[in-house]
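User: I would like to learn how to read a contact between two chains and the surroundings of a ligand. Where do we begin?

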Amino acid sequence: MGDLHIVNIEKHYTYSHQKSESVFSLQPIQLTIHEGEFFSLLGPSGCGKTTLLKLVAGLLPADNGEIWIGDNNLTTVPSEARKFAMVFQQSLLFPHMTVEDNVAFGLKMQKVGKKIRLDQARNMLAHVGLAGYGSRFPNELSGGQQQRVALARALVANPHVLLMDEPFSALDPSLREEMRELLLQIQQQFRVTVLFVTHDREEAFYLSDRIGVMSEGTLLQVGKAKDLYERPENAKVASFLGLKNIIEGKISGGRFYSIAYSGIEFSVNSTEVGPCFLILRPEVLQLATKNIHLASDAIQFTGKVDGLRFNHGFYSANIQVGNYLVDCAVSSQQAETIAVGDVVELFVNNEDLWFVKE
Amino acid sequence: MGDLHIVNIEKHYTYSHQKSESVFSLQPIQLTIHEGEFFSLLGPSGCGKTTLLKLVAGLLPADNGEIWIGDNNLTTVPSEARKFAMVFQQSLLFPHMTVEDNVAFGLKMQKVGKKIRLDQARNMLAHVGLAGYGSRFPNELSGGQQQRVALARALVANPHVLLMDEPFSALDPSLREEMRELLLQIQQQFRVTVLFVTHDREEAFYLSDRIGVMSEGTLLQVGKAKDLYERPENAKVASFLGLKNIIEGKISGGRFYSIAYSGIEFSVNSTEVGPCFLILRPEVLQLATKNIHLASDAIQFTGKVDGLRFNHGFYSANIQVGNYLVDCAVSSQQAETIAVGDVVELFVNNEDLWFVKE
Amino acid sequence: MWQKNKPYLLLLPAISVIVLLFFGGLFDGLLKSFGYFPAIGETRFTLTAYTALLRSSEFWESLELTLRVAMLSSLLAAILGAGIAISLFMLNKSANSGGTQIWHRLFQLPLTIPHLVGGYIIVLLFMQSGFISRIFANLGMIDAITEFPVLVNDSFGWGIILTYAWKEAPFVSLLIYPVLSRIHRSWRDVARVFGASNWNFIREIVLPVILPAWTIATFIVFVFTFSAFEVPFLIGVTYPTVLPVYSYQLYTSGTLADRPEALAVNIVLAVLTVLLGLVVYYFSKRWNVLKGWD
Amino acid sequence: QQDPTSNAEDADNLLVDDWQQVSELAAGQKVNIYMWGGSENINRYLDEWVAPRLKEDHNVELNRVPMSDSQDIINQLLDEKSAAKTAGSMDIIWINGENFKTAKDNDLLWQEFSGQLPNFNDYVDQNAPDIASDFGEPVEGLEAPWGKAQFVFVHDKNKSENPPKSMEELAQWVEANPGQFTYPALPDFTGSAFVRHVLYETTGGYEQYQKPAADIDDLATQLEPMWDYLNALEPYLWREGETYPESLVKQDQLFATGEIGMTMSYDPILAASEVLKGRFPESTRTFVLDAGTLANTHFLSIPFNSSAKAGAMVAINEMMSPEAQTAKLSPENWGNLTALDLDKLSAEQQQAMNDVELGAATLSLDELEEHQIPELSADYIEIIEKGWMENVAKE
Amino acid sequence: MKKPRSLMKPIAYSLLFIFIVLPFAPLLLSSVSFGWQWPAIVPESVNLRAWEYVVNVNSGTWQAVGVSLVIAFIVTAVNVLLAVPAANALVRYPLRGKWLFEAIILAPIVIPPFVAVMGIHLTFLRLGLTETIFGVVLAHIAPTLPYMVRAVMISYHTLSTDWEDQARMLGAGPVSRFTFVVIPHLLPGIAAGASLSILISLSQYLITFIIGSGQVVTLPILLFPFISGGDPAVASAYSLLFAGVAILTLFGMDLALKRYYQNKKNTAGKI
Ligand SMILES: Nc1ncnc2c1ncn2[C@@H]1O[C@H](COP(=O)(O)OP(=O)(O)OP(=O)(O)O)[C@@H](O)[C@H]1O
Ligand SMILES: Nc1ncnc2c1ncn2[C@@H]1O[C@H](COP(=O)(O)OP(=O)(O)OP(=O)(O)O)[C@@H](O)[C@H]1O
Ligand SMILES: [Mg+2]
Ligand SMILES: [Mg+2]
């Protein structure tokens with residue numbers, strides 16, 4: 001098998017009758033997904049995730065570019081011969097077939113004998129926790145169970161790559177968590193290469209080895225979850241990742257100035273100059289307590305507590321600094337020491353500041 | 001108006017033709033919701049949340065018990081006269097009426113003149129951010145906008161209580177967040193008493209003043225988010241709230257022993273004796289770093305790092321203690337100092353341990 | 001009390017109208033078929049009408065013709081109907097939806113045309129000197145009128161069969177189409193990803209999916225044509241004739257003495273259609289048209 | 001709509017009152033005439049010629065009720081009789097032959113009324129056998145003659161230069177022109193008449209059949225030559241006799257489209273009016289056999305429970321007037337032979353009749369009259385129809 | 001990918017042509033034909049005789065159209081009144097013997113209505129119901145009502161009680177709930193049922209004939225003698241007219257329904 005190479009894949013949608021004007025363009029995309037890797041494409045609705053996935057699957061003809069698996073050029077191979085598998089948002093099980101027959105469908109298409117394919121199907125069903133459900137019909141299963149069957153169906157034929165298009169977005173939250181768990185476990189077990197599409201950052205963070213962030217047809221940044229979170233390459237990625245405290249400003253003369261807000265201004269080590277965005281992650285802001293260790297060049301803000309909200313084990317505090325509301329993560333213990341209206345000191349280590357262009 | 005009192009409300013569903021056997025019972029429920037309070041009912045699917053809500057609304061006849069608002073007994077008042085409002089999971093806008101007419105419907109039923117009711121409807125639409133959408137038809141709105149209209153419709157007639165049955169569960173995650181924001185703001189503005197039903201803990205935590213946790217027709221615990229999280233009354237509540245590290249064991253002779261796992265055993269201050277569950281919240285577990293402040297009676301575990309997963313600003317570490325995998329929240333900085341396979345020391349202050357029966 | 005009886009009260013008007021007007025008529029007919037016919041002074045119950053019927057070869061030939069006509073017309077309608085539905089479905093996929101809406105309408109045109117007119121259209125089309133024959137002649141396919149087969153007013157019943165095939169084909173497609181349109185667009189993609197070619201797709205997905213609805217639609221057409229009067233009356237032959245027309249001929253024979261036999265034919269017809277109806281019902285319940293959908 | 005004359009006493013008076021009184025009673029009545037409604041010509045004649053004149057001259061409103069079969073009329077009366085419905089809405093019915101016999105046998109008709117009608121008394125030859133009896137059934141004044149039909153063959157001059165003059169010649173012609181001849185399947189009225197012609201010619205003339213069928217010994221053997229003739233014809237018929245046209249109309253259609261070269265009609269003028277409509281080719285002609293062709297009369301009658309008997313009488317009388325009959329004769333209107341006796345008409349009236357342009361396809365009135373032979377008794381018809389089924393159709 | 005699509009359309013178009021347009025051609029041609037010998041595809045000359053007759057005031061065509069429509073609409077209105085409560089009961093309540101009620105109401109779909117009409121004819125005659133529009137309306141109810149009930153039942157199935165609950169919560173009493181929620185929801189179903197009911201009523205020949213006994217002249221009664229062996233040109237003209245009336249009525253209903261919603265929209269837009 002080998003790695004999946006997406007080489008300058010490109011696609012332009014046009015209105016049916018006006019060839020000239022393109023309504024949506026997927027810009028040339030260059031990406032390598034390693035064998036056995038779990039790779040997620042993360043991006044808002046309409047950014048072209050499904051389009052890219054379908055190009056990889058061969059369900060859409062690409063305008064340009066190539067798809068390789070290891071040393072095999074698959075660009076002109078029709079989808080039914082690529083040995084990829086795909087799981088869609090809706091389970092898309094065939095309602096007139098039993099669960100077993102659904103799972104065995106791919107094998108049947110490969111002309112695997114009936115006994116063998118049903119055995120394999122049952123086996124795979126057991127893997128996704130649905131042993132014994134084989135003779136039911138899809139409508140007799142819950143949404144989560146249906147997605148499990150879809151997963152089993154995709155995996156049973158030993159695909160080179162498993163493509164998943166927001167497979168869990170139609171499920172409710174607790175089911176979704178369960179399914180993530182299952183998927184992760186299965187992926188580790190079968191070591192299948194996964195290209196996973198989602199618009200849910202939690203999901204992408206939880207599941208992926210690497211993540212590609214997309215926006216409006218372009219691939220903005222590729223990296224590990226922590227890198228993306230702590231070192232986003234631009235404000236768009238940052239805001240899509242849900243980072244708080246993205247402050248527009250500029251650096252000049254070794255100092256950062258916020259444009260819209262007063263009170264946010266400090267000297268920085270950065271040598272760059274010009275307009276930029278400052279990203280202050282809520283976790284890097286520390287309340288001034290007695291025993292705090294600060295780097296020597298730590299930056300200090302003074303602010304007033306505006307809100308305090310319990311949030312699974314820690315508190316989110318909104319602290320008014322100048323006229324900007326800083327979002328700040330506070331531990332339970334610390335939260336007990338402050339109250340709305342208090343004036344507090346906040347510190348950030350200079351190394352935890354992150355500046356991005358645009 | 002006054003508080004909403006739910007007094008020993010009870011309901012038994014039976015199969016249509018076998019009067020005797022009851023398929024689902026809502027056990028007598030006693031609950032007071034204060035005027036202007038935002039109260040959430042949280043519980044898994046099928047636990048009877050909707051049933052309770054419909055009993056309060058009067059849409060289902062109760063087998064027993066009473067509903068009071070302040071000093072008024074509403075038990076025998078038909079729903080249409082209770083002056084409650086309700087928002088359902090689906091927006092249930094009347095498709096043949098414009099948005100305006102939908103919002104004004106309640107006022108129309110109260111025989112409010114056309115001009116006045118349309119004015120009020122437009123006003124309320126503006127409140128939910130839909131000024132100017134009045135003359136559209138519901139199918140011309142997105143799902144989120146529809147739910148806003150449903151909210152406006154519920155609020156326009158100034159209801160004594162606003163009942164909401166998983167109003168956002170059909171929306172996608174980012175919309176859901178937006179709607180929570182809106183609801184909170186509106187509720188604070190109108191100071192309406194809200195009884196909110198959800199199976200999404202985030203949602204309940206984010207929105208509510210107080211939360212009631214239900215399971216299988218009974219109300220297990222009522223309290224503020226933090227109390228529920230840190231002091232759940234039993235294992236069921238804890239596990240439903242998504243608490244990690246719930247370890248079955250028993251206390252005897254001032255020591256806690258895990259039943260299923262080796263290596264989890266320590267002395268406790270608790271005077272209780274007998275089988276119980278230990279709950280170790282991930283945040284209370286601390287890695288042994290140089291400058292850690294421990295209470296004198298802190299408990300120490302030794303374990304091996306089994307997994308490390310980035311999770312929005314902090315890491316979740318799985319640490320193998322004995323043969324139990326402890327889930328532990330680790331800050332980014334600390335996470336950089338450990339790697340999978342390392343042996344680490346974990347500490348918990350004795351006061352952060354929490355034991356529950358059953 | 002009111003709450004408890006409410007549904008029965010709601011049902012009462014409709015039920016009583018049907019019971020009075022329809023079952024009353026059936027019952028009245030049943031009595032007369034047993035020879036209870038005060039109008040001609042007969043008040044005894046006999047089975048004469050039935051025994052006479054079962055002994056007459058006309059009845060049996062009529063039954064045979066009726067079955068044949070119903071069978072062939074439902075089969076033809078089924079094939080045509082599926083053809084229409086599938087081509088509409090394919091069109092829907094490729095063309096813009098506004099245009100296909102109109103197509104949809106047009107294909108339903110035969111449905112909105114009264115059966116009488118439908119029958120007459122078939123007469124004009126398929127008589128030996130009809131439109132089709134003229135077209136064939138102009139294409140040089142036939143030289144004389146007699147070379148064109150007799151398809152109207154023939155004792156085999158082709159005219160009736162053609163009429164129903166034409167009239168009911170859109171009905172069949174109307175029943176199939178919703179099922180067909182539930183074939184998710186992405187299923188084609190799913191099937192392809194799992195290695196299915198076009199033919200595989202049709203064989204494994206499309207056909208099995210429409211089969212139950214298709215069968216039931218065919219059955220319904222069968223039951224309907226089995227008991228239809230107007231078209232066979234118009235374009236059938238006098239002998240042998242289908243059961244409803246046979247009954248009518250007896251009914252209007254000019255003597256009240258033939259009435260019990262006419263009504264006996266009716267009762268036999270009713271019993272047979274009810275049995276057929278039960279078969280349809282049984283299958284539609286068991287073999288749920290939308291099995292696995294919801 | 002209930003009319004005072006519907007009660008029995010008044011109704012009986014109608015039969016003794018003088019005509020003036022009847023006319024007065026009739027004024028203002030609405031008269032429903034139930035008749036076959038499948039011909040534009042006939043409908044038009046009734047609606048646009050008869051009805052306005054009746055309204056104008058007698059203040060009687062004539063309402064034509066279209067039926068698809070006269071049998072249905074009798075059947076309906078039968079039902080009304082059995083349900084003892086006394087105030088029916090059928091006032092005039094158009095019947096003859098078998099239907100008349102059924103109606104008479106079941107007492108579905110009112111009384112002997114025709115003698116009251118001035119036009120019947122003045123212009124009709126009441127003793128002519130085809131007026132006094134209807135298919136062998138004595139009329140007894142229960143119906144009044146409206147028009148006549150005579151059987152003629154219709155052929156295309158271009159296809160058969162010299163039409164056959166006898167059944168034998170016909171058989172030769174058929175053999176020489178396979179597929180060009182057929183006759184409507186019995187019990188079609190005209191098809192049955194064709195077979196009766198065969199009967200007359202193959203078994204020795206019509207005279208013997210004027211007595212009831214029961215009076216003939218061994219009828220079956222006597223009929224054999226007829227079946228033989230018909231079966232011999234069969235292989236050369238249209239579609240080799242495998243099937244016969246369902247009705248005369250269907251056969252006419254075959255003729256109209258040129259599929260067959262010969263058809264037949266009980267209406268000698270029909271061919272002409274079809275030519276006029278452009279349905280039959282211009283070269284269409286009619287012919288009769290030397291031995292004559294069947295002629296019969298069709299009648300108007302009043303049902304037992306008519307609610308407007310006076311009006312019905314006036315209407316029938318009016319429809320028998322020389323003017324109405326002359327108009328009826330014209331192919332432009334209908335093209336139906338008159339039921340009146342030409343000899344009883346005044347010179348102008350005769351002239352008017354003779355002036356009617358019957359078209360090239362129609363034989364002269366005289367030629368037709370010379371070749372009339374009477375119908376046989378109605379009970380043969382059933383025997384022949386049944387026999388045809390068994391001996392010819394089912395073979 | 002491109003090829004089959006470009007082939008699809010012509011095939012479908014010709015199918016449409018053969019199936020829908022072609023059958024009407026001879027009807028139209030025959031209605032205006034003058035001298036149409038085989039094998040000519042079109043008549044030698046055009047003649048409007050048949051149409052003149054058909055639209056002529058004296059031929060009773062328009063009266064028959066009127067009578068047909070009056071009967072069809074009355075039957076449909078009665079059906080609506082009977083079907084809505086019945087469908088409500090059948091869908092919304094757990095009934096004892098529901099299958100029996102359903103079977104009773106739906107039986108006339110399977111058993112041809114003339115069977116019952118022949119049986120009840122004499123009774124109608126005795127009651128004086130024959131020859132009246134009222135009698136014919138009664139006779140038309142049995143074959144049409146089941147379709148209406150089916151259609152309304154389907155609508156009811158899709159109307160979850162949540163809607164009514166929602167209206168209740170907004171203060172709507174039973175009557176308001178019915179007029180503001182239930183009826184608007186059922187309307188498309190009722191319209192579908194009405195279309196069927198009208199079409200079936202318009203098409204009845206036999207039972208109209210038996211009960212109407214010639215006095216209730218609907219279009220099929222006028223048409224039948226012509227088709228069953230009369231003048232083909234007139235028969236064709238009548239057939240076209242008949243088909244036209246049926247199609248126009250259904251189309252009109254469809255349009256009215258669309259209008260209804262359109263109007264709501266427009267008036268809403270104006271305010
Ligand atoms: N067949 C098509 N023709 C024209 N435009 C299309 C077509 N399919 C998709 N688009 C457009 O391309 C853009 C990207 O679509 P795509 O389905 O890839 O988005 P996505 O990222 O998968 O979004 P979502 O999260 O909503 O599924 C959208 O703006 C869409 O409208
Ligand atoms: N009308 C009814 N008759 C019988 N059982 C019912 C009825 N309605 C609900 N139930 C049962 O009562 C239980 C509670 O239902 P309810 O709708 O209150 O749950 P819920 O907590 O709202 O669940 P969800 O989150 O899925 O909406 C379920 O087991 C359900 O099957
Ligand atoms: Mg997508
Ligand atoms: Mg619920």
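Analyst: Buried area is the accessible area (1.4 Å probe) that two parts lose on being put together, summed over both. The size of an interface is often given this way, as accessible area lost when the parts come together. This is a predicted model, in which local features need pLDDT of at least 70, side-chain atom pairs count only at pLDDT 80 or more, and totals for chains, interfaces and linings use all residues. Residues are numbered from 1 along each chain, chains are lettered from A and ligands numbered from 1 in the order written, and side-chain values use heavy atoms, without hydrogens and water.

User: How much area do chain A and chain C bury between them?

Analyst: About 2,200 Å², with 66% of it on carbon and sulfur atoms.

User: How many salt bridges are there between chain A and chain C?

Analyst: A salt bridge is a side-chain nitrogen of Lys or Arg within 4 Å of a carboxyl oxygen of Asp or Glu. Chain A and chain C have 3 salt bridges between them. One of them joins A:Lys54 and C:Asp189, whose closest N and O atoms are 3.3 Å apart.

User: Which residues of chain B lie around ligand 2?

Analyst: A residue counts as near a molecule if one of its heavy atoms lies within 4 Å of it. Those around ligand 2 include B:Tyr13, B:Gly46, B:Lys49 and B:Thr50. An N or O atom in the side chain of B:Thr50 is 2.4 Å from an oxygen atom of ligand 2. For B:Gly46, a polar backbone atom is 2.7 Å from an oxygen atom of ligand 2.

Definitions and conventions:
Polar contact = N/O pair within 3.5 Å; in protein donor to acceptor, adjacent residues only side chain to side chain.
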